[in-house]
Amino acid sequence: MKWLLEGDVSIQYQVHRDLQFTNREDLQQRIEKEGFGAQFLSKRKPEGHWGKAFYQPKWTSTHYTLMDLRNLCISPENSLIKESINIILKLKHS
């Protein structure tokens, strides 16, 4: 477990949550500012998506990036993620 706790902040958060059964909201809040979470967020385009569109290209699309961010346990209250989801929902209903 020591090795896992030296890894990315998202892994640290999940180790505390799932293996040590402790709630470390401080670690979850750091995911958007450090490590893989910050790297994913930094690739978001000004139009509010990753890739070319919601599902294009497949593995780097907004769809899969949002899934990856969810799997990293980023806070669902992140403003960039909420904004991207709202853009997708508006396009779907247009």
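**Exercise 1.** Which residues does Asn78 touch, not counting residues up to four places away in sequence?

*Solution.* The structure is a predicted model, in which local features need pLDDT of at least 70, side-chain atom pairs count only at pLDDT 80 or more, and totals for chains, interfaces and linings use all residues. Residues are numbered from 1 along each chain as its sequence is written, and side-chain values use heavy atoms, with hydrogens and water left out. Begin by locating Asn78, which sits in the loop between helix 5 and helix 6 (79-92), where helices are DSSP runs of H or I with at least four residues, numbered from the N terminus. Next, apply the contact criterion, heavy atoms within 4.5 Å; beyond the excluded neighbours, Asn78 touches Glu32 and Leu41. Finally, look at the side chain of Asn78, a polar atom of which lies 2.9 Å from the backbone nitrogen of Leu80.

**Exercise 2.** Determine whether Asn78 is buried or exposed.

*Solution.* The classes rest on relative accessible area: buried means under 20%, exposed over 50%, and partly exposed in between, with a 1.4 Å probe and protein chains only. Asn78 has a relative accessible area of 6%, and is therefore buried. By contrast, Gly35, which is found in helix 4 (residues 35-42), counts as partly exposed at 31%.

**Exercise 3.** Work out how the rings of Tyr55, Trp59 and Tyr64 are arranged.

*Solution.* Rings of Phe, Tyr and Trp (its six-membered ring) pair if their centres lie within 6.5 Å, and planes under 30 degrees apart count as stacked, over 60 as edge-to-face and the rest as tilted. Two aromatic pairs are found in the whole structure. Tyr55 and Tyr64 form a tilted pair, 5.7 Å centre to centre with 35° between the planes. The rings of Trp59 and Tyr64 have centres 4.6 Å apart and planes at 45°, so this pair is tilted. Tyr55, Trp59 and Tyr64 form one aromatic cluster, in which Tyr64 is buried at 15%, Tyr55 is partly exposed at 35% and Trp59 is exposed at 61%.

Key
Helices (H or I, at least four residues) and strands (E, at least two) are DSSP runs, numbered from the N terminus. A polar contact is a pair of N or O atoms within 3.5 Å; within protein, one must be able to donate a hydrogen and the other to accept it, and residues adjacent in sequence count only if both atoms are side-chain atoms.
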